Amino acid sequence: MAQMWITMGPQHPMTHGLWTLRVKVDGETIVDTDAELGYIHRGVEKICESRDFTQITPYCDRLCYVSAMTWANSYIYAAEDLLEAEVPERAEFIRLISAELQRLASHLMWLGAFGPDIGSLTLMTWCMRDREMFLDLLQELGGSRMHYNYPRIGGVKRDIPIGFADRMIAKIKLFERRIEEYEMLLDESTIWLVRLQGVGYTKAEDMVDAGVSGPNVRAAGVNYDVRWAHPYSVYDQVDWEPAVEKPTSVKGADCYDRYRVRMEEMRQSSKMILDAIEKIPGGKNTNYSTGDEMILTKAPTRAPEGATGFSNYECTRGASQFFIKGGGEGRGKNPYRLSIRSPMFITIPFVADTMIGYKIADIPAIMGSFDPCIGETDR
Amino acid sequence: MGMRVTLEQSSSAAESCVAVLKERFSGSGIESTVEHHSNAFKMPFVRIHATPQHWLAVAKFMKYDLSVNYCSMVTGTHFPDGPAERGWEVAYHMMRMPVSNVKPHTNTTHVAENLSGSDIPLEFEVLIALEQGDEPTVPSIQKIWVGADWNEKETWDLVGINFEGHENMHRVLNPHDSPEQFHPLQKQHKLRYHGYNEMYDDPQGFGRKPADEGRNK
């Protein structure tokens with residue numbers, strides 16, 4: 001049978017963004033793949049070299065348009081390493097809550113986009129409905145639906161509003177029941193099982209060697225999580241366990257495991273938020289004014305030459321990392337070099353290799369199960 | 001309940017790694033130290049200053065003796081005004097993760113406080129200074145960690161560091177038909193419109209000139 005190259009993308013429902021997957025097929029079987037990225041490269045790293053440290057946060061929000069809060073937090077921890085800022089504990093709790101709310105919204109966006117790939121359009125409408133609850137909560141914190149500019153070096157911009165805690169608890173409790181609804185819809189759907197089980201096997205060690213991280217590795221049966229391995233924030237004080245799956249094959253995790261691990265992760269995030277809001281220092285129904293020392297401490301604005309900052313952060317798709325060198329323009333007011341490590345940038349070429357041997361019809365299932373986001377990939 | 005790797009665990013792991021590295025690479029100009037972050041829990045990490053000629057040996061030692069299994073990030077930096085021996089710097093961030101394949105229907109649930117030896121997650125930072133010049137070159141570690149492959153592609157594409165021995169090097173973020181020798185994160189390329197006054201005086205931008213006008217790009 002003659003082999004040929006098929007170009008999928010940049011405009012293809014499978015891509016979940018702008019990139020191109022070129023596949024070489026023999027009949028229906030994939031024999032070679034090639035990923036092309038860079039369609040929405042915006043040069044964020046270069047732009048940041050002429051912005052001062054507080055001005056960089058909005059750019060980091062826009063790295064990933066479904067997970068802005070975690071990316072901004074990731075940058076903030078690197079900047080705090082560089083500028084040696086202390087963070088009040090209440091601010092750490094608020095950051096934890098905001099990041100986990102964002103994780104719920106992001107996983108719902110993933111599930112909502114993954115459903116139509118597999119043939120379940122109902123899922124899209126359900127997930128968008130529930131994601132709205134968390135976007136409303138995040139809007140109460142940051143003032144906008146997608147790009148919040150909420151964390152600050154040394155704390156957070158504003159305290160949680162009065163009544164936020166009660167609204168959040170009600171929504172999370174509702175959502176915990178909704179997760180069961182999703183499972184009833186999906187785990188008993190023949191289409192869902194047939195298209196996901198036994199497809200896209202990846203082993204834990206191969207993934208780590210290739211630089212894949214986060215839920216994708218936990219799906220393969222290891223509970224490695226940056227939140228306990230390279231700790232930040234107050235994750236050790238709240239009640240949660242890393243979500244981890246038991247893969248059914250020696251070949252590792254399949255698409256179904258990766259779906260299950262994200263469902264479990266949503267449960268754990270809900271649990272974490274409910275616990276954190278009760279333990280928050282200063283009380284859940286108090287509102288400290290902006291700039292109060294309970295939520296924000298003063299941080300230096302300049303970093304000397306030779307100083308570096310690094311953060312390793314569990315983003316919704318894996319470990320996002322920032323590496324900042326101080327001593328840029330304006331006597332250290334800007335970073336000299338800011339480097340961003342995106343988990344999906346490393347994962348997409350790995351997934352392209354994973355597809356070899358499967359059929360063309362499996363491509364949306366395999367690609368979608370890794371949760372690609374092109375905004376952070378191309379930076 | 002949540003858990004985390006403690007400072008003592010991490011410090012002892014970092015110190016034993018540094019001791020092993022010092023013993024193996026004594027007298028070759030490779031310095032390794034235990035450093036601490038200044039955010040969150042002030043976690044320690046291992047910082048290694050390596051040289052391009054010893055880098056492959058150090059990398060193999062890290063992978064096979066220190067079980068560093070994760071190459072997460074490669075950063076190139078251009079120092080056009082730096083000293084002659086440090087015109088460029090390549091920084092590698094590596095992680096050690098307690099991850100191994102599991103048998104079917106089982107999983108590994110580590111308890112952070114009980115980890116010991118080479119199971120303790122640890123961060124490594126390798127800094128390699130390169131001389132001033134137009135051809136900064138380090139050996140590629142693509143064969144040692146698969147994850148270094150696309151990181152090195154990106155670093156070459158954006159910063160212009162050459163990775164000797166890297167197979168299938170090509171542009172990843174810039175357009176594939178970008179001019180040769182064009183690497184936007186080198187410091188001779190200026191952002192065009194970043195003067196604030198200019199921005200406010202002429203918000204439409206009709207009167208602006210690129211900051212690098214007349215420069216041969």
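Visitor: How many salt bridges are counted between chain A and chain B?

Guide: This is a predicted model, in which local features need pLDDT of at least 70 and side-chain atom pairs count only at pLDDT 80 or more, while totals for chains, interfaces and linings use all residues. Residues are numbered from 1 along each chain as its sequence is written, chains are lettered from A in the order in which they are written, and side-chain values use heavy atoms, with hydrogens and water left out. With a salt bridge taken as a side-chain nitrogen of Lys or Arg within 4 Å of a carboxyl oxygen of Asp or Glu, the count between chain A and chain B is 6.

Visitor: Which residue of chain B meets the side chain of A:Glu86 in a salt bridge?

Guide: Side chains of opposite charge can pair when their charged atoms come close. For A:Glu86 the N to O distance is 3.4 Å, and the partner is B:Lys42.

Visitor: Which element gives the largest share of the side of chain A that touches chain B?

Guide: Contact, meaning heavy atoms within 4.5 Å, takes 74 residues from chain A and 68 residues from chain B. By class, that side of chain A has 32 nonpolar, 18 polar and 24 charged residues. The largest share, 5 residues, comes from residues 204–210 of chain A, helix H8.

Visitor: Within chain A, which residue forms a salt bridge with A:Arg178?

Guide: The whole structure has 35 salt bridges over all chains, and in this one the closest N and O atoms are 2.5 Å apart. The pair links distant parts of the chain, 48 residues apart, with A:Arg178 in helix H6 (residues 164–186) and its partner in helix H5 (residues 121–142). That partner is A:Asp130.

Visitor: What share of the lining of the largest cavity comes from E6(A)?

Guide: A cavity is a set of points on a 1 Å grid over the protein atoms alone where a 1.4 Å probe fits but cannot get out, and its lining residues have an atom within 4 Å of a point. The largest cavity is lined by 19 residues, with A:His230, A:Pro231, B:His37, B:Met43 and B:Glu123 nearest its centre. Strand E6 (308–315) of chain A and strand E5 (122–130) of chain B each give two or more residues to this lining, and the share from E6(A), the largest, is 3 residues.

How values were computed: On a 1 Å grid over the protein atoms alone, a cavity is a set of points where a 1.4 Å probe fits but cannot get out, and a pocket is an open set with protein on both sides within 12 Å along at least five of seven lines; lining residues have an atom within 4 Å of a point. Helices (H or I, at least four residues) and strands (E, at least two) are DSSP runs, numbered from the N terminus. Ala, Val, Leu, Ile, Met, Phe, Trp, Tyr, Cys and Pro count as nonpolar, Asp, Glu, Lys and Arg as charged, and the others, Gly among them, as polar.
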